[in-house]
Amino acid sequence: NSIADAHYTLEQAKRQEISTNSSFNIKFTKDLTFETKIGTQYWERKFDNMNNKYYGPSAGTKGSIYKTDTQMFTYDVLKMLRYKKTFGVHDLEVLAAHQNNNYQYKFMDASKSQLALPLPEFEQAAVNIGANSYTDNVRLESYFAQANYDFDNRYYFTGTVRRDGSSRFLNDKWGTFYSVGAAWNLTNEAFMKDQTILSNLKLKTSYGLTGEQDGVGLYPGYDRYNTETGAGGTSSFVFTTKGNPNLTWETSKMFQVGLEFGILNNRIEGSLDFYNKITDDLIFERRVPPSDGYAIINVNGGQLRNQGFEFDVTGHIIKGKNGYLDLTLNGEMLDNKLLSMPIDPATGQEKIIDVQGNYGRATNQSIYDFYVREWAGVNPTNGAPLWNQYYNDVNGNGVVDAGEGITSMTTFLAAN
């Protein structure tokens, strides 16, 4: 009875959220300031699901109740000392700062069955089905300094150095990163004053070392276990995930050069950028022999290059008091290539290929290259799909015998 099931079944969710941002400054002198910024966010979501005992999926258990309570709290605190001074045509800004970020996620759920009354409260249910809860935490602490200088609004120089520590890593939490950059605003040069076509023209370049920690979960350095009930009601720990205490930051060295321009009083604006990014210590999922007791472990290894050209052009077609019309064209050309693979501990050499789902990763290939069976069309007799089968015909009989099939052409060619 779908109508009665819809009438007696309850599903509801409630969410409450609060965000705060606060700041205060202490001005020691006209040029020296201490700044503090604090941001917080909290939300809670409660979900109730009640399946009635008369109709529907829980009729056999005389109804059921399922509840979840999810909470998230994060805060970010920035403390910064800033010195800013103008000396004639020279502008100088120097700052030093400390920043810490904390993220906490709490989850709890429980369910019971055999309802007395159709009310979404556990006191109305007699049989416990199960309950679960956990709390996740991740923290990031950073120290950084930066210097910015410009001469007569024509030449700009900037430099940054920072040290970040992440709770995601165990033995090697900290990484040191830096960047330098320069720009030349040709618009303010004397030789540009007499022309009327280019209203803005700036050349820019930068080089830096950055770190990446995403994509490895919150506790990649630890072995993880689940708690389960064993024989006789005793508790036991069941191994689930192998951790790597030596896992650390991916590091990327990036060079960039670009051009910003404006034409005819900025009626047309745009930018052109070329970049070359080399990432070391890639975070890879390494497959290991089943005899180790686990199948995959995250490791640092390999080198990846991302190289590309980006462009963005905007034309301000109509500018009016009551409206405007812009037309923007942007795009990117990207070349992605693995320059080296992680070391395979079984051979002491670079791993030949690493297959993740439908993708195969190998030296001189893109990480987005598909690695799947080669399609050979459709069987005209029964319409079944066909794929090419490659094999090493050792006995020369033209038939695929046992042990002659090639499961990975890349591995086979590397070995032969």
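Predicted model: local features only at pLDDT ≥ 70, side-chain atom pairs only at ≥ 80, totals over all residues.

Once its neighbours within four places in sequence are left aside, Gly175 is in contact with Arg162, Arg163, Asp164 and Trp249. The C-alpha atoms of Gly175 and Thr210 are separated by 9.0 Å, although the two residues are 35 residues apart along the chain.

Two of the contacts of Gly175, Arg162 and Asp164, also meet each other through their side chains in a salt bridge, with a distance of 2.9 Å from N to O. The two partners fall into separate accessibility classes: Arg162 counts as partly exposed at 27% relative accessibility, whereas Asp164 counts as buried at 7%.

## Pairing between strands

Strand β4 (residues 90-115) and strand β5 (residues 125-151) run antiparallel and are joined by 25 bridges; within this pairing, Leu95 has Gln146 in β5 as its bridge partner. Strand β5 also pairs with β6 in the antiparallel sense, over 12 bridges, and here the bridge partner of Asn148 is Thr158 in β6. The hairpin of β5 and β6 has three residues between the strands, and in this hairpin Asp152 takes a positive phi near 55°.

Further along the strand order, strand β12 (residues 268-280) and β15 pair in the antiparallel sense over 13 bridges. Thr279 stands opposite Leu304, which belongs to β15.

## Salt bridges across the chain

The structure holds 14 salt bridges, among them the pair of Arg162 and Asp164 described above. Another is formed by Asp214 with Arg168, whose closest N and O atoms are 3.8 Å apart. Asp214 lies in the loop between β8 (198-212) and β9 (224-229), while Arg168 lies in the loop between β6 (155-166) and β7 (174-185), so this pair ties together parts that are 46 residues apart in sequence. Arg168 counts as buried, at 13% relative accessibility.

A salt bridge also links Asp335 with Arg305, the closest N and O atoms being 2.8 Å apart. In this case both residues are in strands, Asp335 in β16 (residues 324-340) and Arg305 in β15 (residues 303-319), so the pair ties together parts that are 30 residues apart in sequence. Finally, Glu35, Arg82 and Glu93 are linked with one another in a network of salt bridges.

Technical notes
Residues numbered from 1 in each chain as written. Heavy atoms only, no water. Salt bridge = Lys/Arg side-chain N within 4 Å of Asp/Glu carboxyl O. Buried < 20%, exposed > 50% of the residue type's maximum accessible area, 1.4 Å probe, protein only. Helix = DSSP H or I, 4+ residues; strand = E, 2+ residues; numbered from the N terminus. Pairing = 2+ DSSP bridges. Contact = heavy atoms within 4.5 Å.
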